[in-house]
Amino acid sequence: MPRSLSPLSVPYRVLQRGGGIAVAVVFAMSGGFDLPGVGPAGPLLLFAIAGVAALGLIGYETAYVRRFAYELGDDTLDIDSGVVSRRSREIPIRRIQNVDISRNVLQRLFGIAVVSFETAGGGDTEARLRFVSFEEAKRLQAALGRLKRANTESDDGERDTDDASDTDDASDTAGDTDPGATPAARPAGSTGGGFDTPPVTELFALDRTELALVGALSIDFRVPGVLFLLVSTVGSTVVPAYLLATSGVALAVGAAVVLVGVALLSWVVGAAAAIAQYYDFRLVRSGDELQYERGLLQRYDGSIPFDKIQTLTVSDNPLKRYFDYATLYIETAGYAPGGGGGSRGSEAAVPLAERDHVLDLIEELEPVGDVEFERPPKRARRRYLVRYLLVVGVLTGAAYAADAAVSLPFPPWLPAFLAPLAVWFAHATWKHRGHWLGDHHVVTRNGVLRRRTKVVPYYRIQTVIDARTVFQRRLGLATVTVDTAGSLSLGGQDAAAVDISGPRADGLRDELEARLDRAVDAYRAGRAGIGVDDDYDADAADATDAADATDAADATDAVDATDATSAEPESPAHGPDDPGGDDPPDDPSDVTG
Amino acid sequence: MGRAMLTAAILAGVAVGIQRFIAPPWVPEWAPVAVFVGFAGLGVVLAVLRYRVWRFEVYDDSLYLERGVLTRVRTVVPFVRIQHVDTSRSPIERLVGLASTVVYTAGSRGADVSVPGLEAGDADDLRERLKRLAIRSESEDAV
C-alpha cells in the first residue's frame with residue numbers, strides 16, 4: 001500500500017518556500033516602493049500579487065505532498081513524485097547504503113522529519129522524503145534494516161521469534177516478506193515508537209567533558225573571512241576615516257584588540273557549532289546496523305548497515321596522542337564529501353574519545369585484532385631527512401635573498417636553527433608510518449601532525465595502485481595505495497603503505513589482490529561482509545606469515561609462498577596466461593637500493 | 001606524441017606573442033623557434049618513453065597496468081570490482097585511428113584506469129573481453 005507524506009509537511013513547506021518571498025515583499029513595501037503607471041494603488045496591487053502567489057504556493061505544495069507516494073516493498077523502495085513532471089523510482093533495498101533522519105527545531109515542533117536514503121551511485125542523496133512524521137521515519141529506518149537483513153541473510157532463521165505478530169504497521173510490512181526469512185522482531189520499549197527493533201546495545205556516548213573538549217578544540221576559520229567581508233562592504237566608508245583620525249599607538253592597540261577579538265569570536269563560533277553538532281552524540285548497535293544520533297538544534301539520526309562500512313579511520317594529532325584521545329570516522333560509499341552542506345555530509349564520526357575506547361569500538365565494528373605495524377625500511381627515513389633538510393635549506397636561502405633586498409629584523413641564518421627540528425620530524429615521519437596485513441583487514445598509518453590510521457577490510461578493496469616516483473625508485477621504494485569506495489578517499493586520503501621497499505610492494509600488490517579474491521569467495525559462500533571462515537582464516541594466517549617474512553632479500557620466496565596459498569582449488573588467483581609465478585615484470589632499475 | 005606537438009606549438013605561439021607585443025629586449029629573435037624545438041623534442045622523448053613504459057596485461061581475474069615515466073604507477077584492477085567499461089576516441093585519436101578503453105570501478109579514483117593508444121578494433125575487443133570477464137566474476141555487491 002503506497003504511503004504519502006505527513007499532512008503537516010504542507011504548512012512547513014509553504015513556510016520554508018514562502019518565508020523568503022514574504023521577507024522580500026515586506027522589504028519592498030516598507031521601502032515605499034512605487035510601481036510605475038499604477039500610482040497610489042501600488043501597495044494594494046502588491047498585496048494582491050502576494051496573495052495570489054501565496055495561494056499558488058499553498059496549492060502547489062499541497063499538490064506536491066498529495067502526489068508524493070512511496071512504498072516500501074519486499075525488495076524495492078518505490079517513490080512516485082512530481083506535480084508537473086512525474087517521476088517514479090525504484091530503489092533496490094540492498095543498494096541502499098544508509099538511512100538518515102534529520103530534524104531541525106521547527107521540524108521537531110511540527111513532529112516531522114526528513115528521511116534521506118543514500119546509495120553508492122552519484123554524489124547526491126538518492127532519495128529524500130520531505131517530510132514524514134518522526135514515528136514514520138523511525139519505522140522506515142527500522143523496517144529497511146529488517147528487510148535488508150531478510151534479503152541478504154535468508155539463512156537467518158534461528159533469530160526468528162514469534163512476536164512479529166504485534167499489531168503494528170511495522171509488522172504489516174514485515175508480514176509481507178517471506179515469514180521464514182523475517183528476522184527477530186522484538187518490541188523496543190526504549191525508542192517509544194511502538195515498532196519492532198532488534199536489541200540495541202550502546203557502543204559509545206559522548207559525555208559532557210568530551211563534548212566540552214570537542215568544543216574547545218574547534219576553531220571556525222571561516223569567521224575571520226566573513227568578518228572581513230562584512231567590514232569591507234558595510235564599513236568601507238566609516239573605517240578609513242576612523243583610521244586616519246587616530247594616532248599610531250592607538251591604532252596598534254586597536255589592531256591588537258581586533259585581532260584578539262576575531263580569534264576569540266572564531267573560537268566561540270567554532271565551539272558553539274561543534275557543540276550544536278555533536279550534542280548528545282550516541283552510537284548504538286542494533287542488530288547488524290550502526291545507528292547514531294547527534295545534534296542540539298538539528299537532530300541527526302542515521303543508520304549504517306555493518307556490511308556497508310568501507311573504511312574506518314582513526315585520526316589524531318600530537319596533542320590528542322599525548323592525552324590519549326582520538327577521532328574515528330566511519331566511511332560508507334553513500335556520502336559525497338562536502339556535498340551535504342557544512343558538516344561534510346552526515347557521515348558518522350566519533351568526534352573525540354579516549355584512545356582505548358576508539359580501539360574497542362573498532363574491534364566491535366571490524367574485528368581487526370592486534371595491529372603490529374611494519375615500518376618502512378630505514379632508507380626511507382634518510383629520504384625524509386633529506387627532504388626536510390632541503391626545506392630548511394630553501395628557507396635559509398630565501399631569508400638570505402630577502403635580506404639582500406630588504407634588511408630583515410633577524411639574521412638570515414636563523415632558519416638554519418630549524419635543522420634539528422627537521423631531523424626530529426624526519427624520524428617522526430618514519431616512526432609513524434606503517435602498514436599491516438591482518439586476517440581480514442589491511443591497516444595503514446601515516447602522518448605526524450595529523451596521523452591517520454586506516455582500517456580497510458580486504459573485501460572493500462577496489463583497486464590496488466603501486467606508484468614509484470623517480471626518487472623512490474632511486475632508493476628502491478614504492479607506495480602502495482588501496483583504493484576503496486569510501487567517501488573520504490576523494491581528497492587523496494586513501495589508505496596507503498608509503499615508502500615500503502620495492503619487492504615488498506610487488507608482494508603486497510599480489511597479496512592484496514589474492515586476499516580480495518578470497519574475501520569475495522568467502523562472501524559468496526554466504527557470509528555477509530568479512531565473515532569468519534576457518535579455512536579462510538588458516539589461509540590468511542599462512543599468507544600473513546609469508547608476507548611477514550618478506551624482506552628485500554627473500555622477496556621472491558614470499559611471492560612464491562603467496563602463489564602457493566592462492567593456488568587453492570577454490571580460488572585460482574592467477575591463471576594459465578600468467579606463467580612461471582606472477583612476479584610482475586620487474587624493471588631491474590627498480591630494485592637497486 | 002600528438003599532444004606533445006600541440007603543447008609545443010602552443011608554447012611557441014605564446015613565445016611569438018610575447019615577442020610581438022611585449023618585446024623585452026633580452027629575448028632574441030629565434031626564441032619562438034627554440035621554444036618550439038625544445039618543447040617538441042622534450043615532448044617526443046617523453047612520449048616515446050611513455051609508450052615504452054606503457055603496458056597492460058589481462059590476467060585471469062585482474063587487469064594489470066603499468067605506466068608513467070617519472071612516477072611509475074602499477075595498477076591492479078580485480079574484475080570483481082569493474083563497474084563498467086567504455087571505449088572512447090578523442091579527435092586526435094580518431095585522426096590517427098586509435099582508441100582508449102576506460103575501466104570504471106566504484107573506487108574514488110573511478111576513471112583513473114584507462115588503456116590508451118589501442119587500435120580501434122582492439123579497443124572494442126578489449127572492452128568486450130573485459131566485460132565478459134567482469135560478468136563472469138560478478139559479485140553480488142560491488143560496493
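This is a predicted model: local features need pLDDT of at least 70, side-chain atom pairs count only at pLDDT 80 or more; totals for chains, interfaces and linings use all residues.
Local features are given only at pLDDT of at least 70 and side-chain atom pairs only at pLDDT 80 or more, while totals for chains, interfaces and linings use all residues. Residues are numbered from 1 along each chain as its sequence is written, chains are lettered from A and ligands numbered from 1 in the order in which they are written, and side-chain values use heavy atoms, without hydrogens and water.

Helices (H or I, at least four residues) and strands (E, at least two) are DSSP runs numbered from the N terminus, and two strands count as paired if DSSP finds at least two bridges between them. In chain A, four strands make an open antiparallel sheet in the order β1-β2-β3-β4. Its edges are β1 (3-4) and β4 (87-92) of chain A, each with a single partner strand, so one side of each has no neighbour in the sheet. Six bridges link β3 (residues 76-81) of chain A to β4(A) in the antiparallel sense, with A:Leu77 opposite A:Ile91.

The other open sheet, also antiparallel, has seven strands in the order β7-β6-β5-β13-β12-β11-β10 (chain A). Here β7 (127-133) and β10 (200-205) of chain A are the edge strands. Within this sheet, β5 (residues 96-103) and β13 (residues 299-305) of chain A share five bridges, and A:Asp100 faces A:Gly302.

Turning to the helix, the buried residues (under 20% relative accessible area, with a 1.4 Å probe and protein chains only) of α13(A) include A:Ala422, A:Trp430 and A:His432. The buried residues of α13(A) pack (heavy atoms within 4.5 Å) against elements of chain A including α12 (378-405) and β19 (451-457).

Methods: Buried means under 20% relative accessible area, exposed over 50%, partly exposed in between (1.4 Å probe, protein chains only).
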